[in-house]
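Please read the following note with the model open beside you, and check each point against it as you go.

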Amino acid sequence: MLDDLDTQQLQDKLKSSPDGLSQGEALRRLKQYGSNELAEKKTNQILKFLTYFWGPIPWMIEAAVVLSALAQHWPDFAIILLLLLANAGIGFWEEHQAGNAIAALKAKLAIKAQVKRDGQWTSVESRELVPGDVIHVRLGDIVPADARLLDGEPLQVDQSALTGESLPATRRCGEAVFSGSIIRRGEIDAMVYATGANTYFGKTAELVQAAHSVSHFQQAVLKIGNVLILLALALVTVIIAVAVLRGDPLLTTLQFALVLTVAAIPVAMPTVLSVTMAVGARQLTMRGAIVTRLAAIEELAGVDVLCSDKTGTLTKNALTLGDPFSVDSSAVASGPDLVIFTAALASRADNKDPIDRAVLDGLSEGQSLEDYQVVHFQSFDPVHKRTEATVRGLDGVAFKVSKGAPQVILALSANAAQVKTAVERAINGFAARGFRSLGVARTDAEDQWQFLGVLPLFDPPREEAKATIATALQMGVKTKMVTGDQLPIAQETAENLGMGSLILDASVFGTTTTQPSEQLAQSIEKADGFAQVFPEHKFQIVDVLQRHGHIVGMTGDGVNDAPALKKADCGIAVADATDAARGAASIVLMTPGLSVIVEAIKTSRKIFQRMNSYAIYRIAETLRVLFFMTLSILAFNFYPVTAVMIVMLALLNDGAILSIAYDNVHYSNDPERWNMRVVMGVATILGLVGVVSAFGLFYLGERVFQLDRSHLQTLMYLKLSVAGHLTIFLTRTRGPFWSIRPARVLLWAVCGTQLVATLIAVYGWFMTPLGWGWALLVWGYALAWFLVNDRLKLLTYRILIPQPHHQRPGGLNPADSSRQMHA
């Protein structure tokens, strides 16, 4: 076992060294060991296709096929069997496409690893790591493979995902770190000794199945589906009971009842949900936001409070150095140039840290670090809030330098009492001008820390940030700034961005284990932002806002932001976030700034609109078909359409409705919430009016035009098909149907399926031919009722939402419709 070998024995066994492998050797080993990833259990596609024939809905269709054969209704048998196969094929293909889309999106989030190849550090995807590779891990990294630590300082490693330990564990050189654990503090080189399924995590991961997250919206729509199924079963039971009492042929009755149940059940609902979400996820990717959890699309549409990082999101994260403040102390020689030079010694260029880069760029031309050797470097971490380096000069004398939060550096320094007043005055002066402050210190000959001065750093706001925040507010999203900077800096930045000046100092929050008082909770809700925030404060902020009924979005980039990102309704990892933050977030931004979040909110609200349209349409259509069929059979002892007609209605409607995923919609100016009262109200009115119009045509056909029963069935089939599909043009807008132009793909899908339905009726494929005259009459009748229904829809919205807010062109979303939530 490699775990039992010491570091040297491990290197000998792996035929590697701290200098790593050559690129050629790494490629050879990649072929030998395989990719550093867990092999996904591949589902046999034939077996996957067969699952579409298993379950309550397919069983009903299959029973209808069997009953058709027993009754020797061979045309019915052939068509229902064909439609069963077609339904399975469409569902399988669309789910396959949706799965491919999500897999492609997640591939963009592949974890990178710093690995030494041919003696040079390079960045590769972690899946390309092989045993013997030397990698570099640092704060915020997810360990990409099982590895043995080489020489360096101890690490703090979070192994909770593997072992359940709540506290980070200390790992020293020579000890192992396991794939999937997170670096909480420190950085070090390590040698990979196990990859993929051979890792500690890989040996148990096969037992773990990823949880499938279902959003509130999906739950609500699926509840609607269950209600429709129960309603269908109840009415079909009534039909069967009446038919038995009348002495109708039992096989024919059962076949019809089964087919009617299938038509009423929203068979396409899971497919429409997955397709719409997958299409939406691709649209968000074009906006620079990658969705890692599809349900987050719905959560993002409902966000009404966005807690945003300052640095890099509201500001450019392009720090510039101002004129330093140097202390006047007899204990230490100081000066502006010395303060910058000392801070530069406590920085590392290869860290690509914005603060380190700004400090190093601030060196004057005559200053050079080449004469100093860094013996040891301790990188910044959120707990200690400073960097530290042990440095040896040309004279061979070693000393220490440090830079970090001024309060931390002051607490470290022996001369703090002498300089504290002047330092605090300088810090406050810098903060009032919007500058962050960085304390700098070094050790003297007695190895005591001496405070040298303060470096002012300015991070200018993004040009688009102010306009973006104003746009978000118009959309009902309040942006709250969350920053670790001091209160005056936060206030200055917030005022510049038009966010308001009510900034709360997070130092008053207390411990995370104590529940905040009601007064503090109200202060958090009213605040425009928060200063001097630690990562644990973010969790408290999200928790308080959620308990006050808000849907909260939270941005973050660091490893310690992960709990708050998971806690938030929609956790958003900003550009260049750590692997740990990306893993915890529901949405990962690929470009910096707040504007991409606002664009993502707009897109998610459009997706929500499409889902809302589909829900209203599906309920209305089910009510229309069910009640018309049931009342016809009970009142007139007449089956107005045949079993084959019902199945064709369901297939044509469900096939075309998938195109709603691409429809044109206007986003709402208010956060979206599921409003069952409005949805059920509008759908019920449209459904019941549809029943009235159907009986109107039935009366005309039978009593006025005196059509025989077979022609009457074809007439009613075409009416149900045409009027049913026209309903989608009613449900897709809250204003008049013409207020938003439908997407071309939706228009062509509906026109195409209705052309097919019309040709079937006119030429009598599997039914009595109707002829073009009657077909045109049906179209004219359906269009007339369509115009009536549009007026009734507007009246219904006016009744259900009595106080409309300002409406966008297209009459979209009054505030009340999205504020109330009825489950």
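At what angle do helix α26 (residues 744–763) and α27 pack, and how far apart are their axes?

1. The angle between α26 and α27 is about 140 degrees, and their axes lie 9 Å apart. Axes here are lines fitted to C-alpha atoms, for helices over the stretch in contact, and angles run from 0 to 180 degrees between N-to-C directions. Helices (H or I, at least four residues) and strands (E, at least two) are DSSP runs, numbered from the N terminus. The two helices are therefore oblique to each other, given that angles under 35 degrees count as roughly parallel, over 145 as roughly antiparallel, 65 to 115 as roughly perpendicular and the rest as oblique. On the α26 side the residues that meet α27 are Q754, T758, L759, V762 and Y763, and on the α27 side they are W772, A775 and W779. Sorted by class, this contact has six nonpolar, two polar and no charged residues, where Ala, Val, Leu, Ile, Met, Phe, Trp, Tyr, Cys and Pro count as nonpolar, Asp, Glu, Lys and Arg as charged, and the others, Gly among them, as polar.

2. Before going further, keep in mind that this is a predicted model, in which local features need pLDDT of at least 70 and side-chain atom pairs count only at pLDDT 80 or more, while totals for chains, interfaces and linings use all residues. Residues are numbered from 1 along each chain as its sequence is written, and side-chain values use heavy atoms, with hydrogens and water left out.

3. As a whole, the protein has 28 helices and 24 strands. Of its 823 residues, 54% count as buried, a word that means under 20% relative accessible area, with exposed meaning over 50% and partly exposed in between (1.4 Å probe, protein chains only). Among contacts (heavy atoms within 4.5 Å) with a separation of 6 or more, 73% come from residues 24 or more positions apart.

4. Helix α27 (residues 772–800) also packs against helix α24 (residues 676–704), at an angle of about 150 degrees and with the axes 10 Å apart. These two helices are therefore roughly antiparallel to each other. The residues of α24 that make the contact include V678, I685, L697 and L700, and those of α27 include Y781, W785, L792 and Y797. By class, the contact of α24 with α27 has 15 nonpolar, five polar and two charged residues.

5. Helix α24 has a further partner in α22, for the axes of these two come within 8 Å and cross at roughly 40 degrees. That makes α22 oblique to α24. By class, their contact has 19 nonpolar, five polar and one charged residues. S613 lies in helix α22 (residues 595–636), and S613 is buried, with a relative accessible area of 4%. Leaving aside neighbours within four places in sequence, S613 is in contact with I660, I728, T731 and R732.

6. What lies in the nonpolar interior? A nonpolar core is a set of buried Ala, Val, Leu, Ile, Met, Phe, Trp, Tyr and Cys residues joined through side-chain atoms within 4.5 Å. The largest one has 80 residues, of which L260, M629, V641 and Y717 touch the most other members. Helix α22 gives the largest share of this core, 13 residues. Apart from it lies another core, of 38 residues, among them M277, A296, A490 and A600.

7. F509 deserves a look, since this residue lies in the loop between β20 (503–505) and α18 (518–526), yet at 3% relative accessibility F509 counts as buried. Not counting residues up to four places away in sequence, F509 touches L504, L520, I524, F530, H537, Q540 and I541. F509 and L520 are 11 residues apart in sequence and 7.7 Å apart in space, C-alpha to C-alpha.

8. Two backbone angles are worth checking. Most residues other than glycine have a negative phi. D118, in the loop between β1 (112–117) and β2 (120–125), has a positive phi near 55 degrees, and at 51% relative accessibility D118 counts as exposed. N637, in the loop between α22 and α23 (643–657), has a positive phi of about 50 degrees although it is not a glycine, and N637 is partly exposed, with a relative accessible area of 40%.
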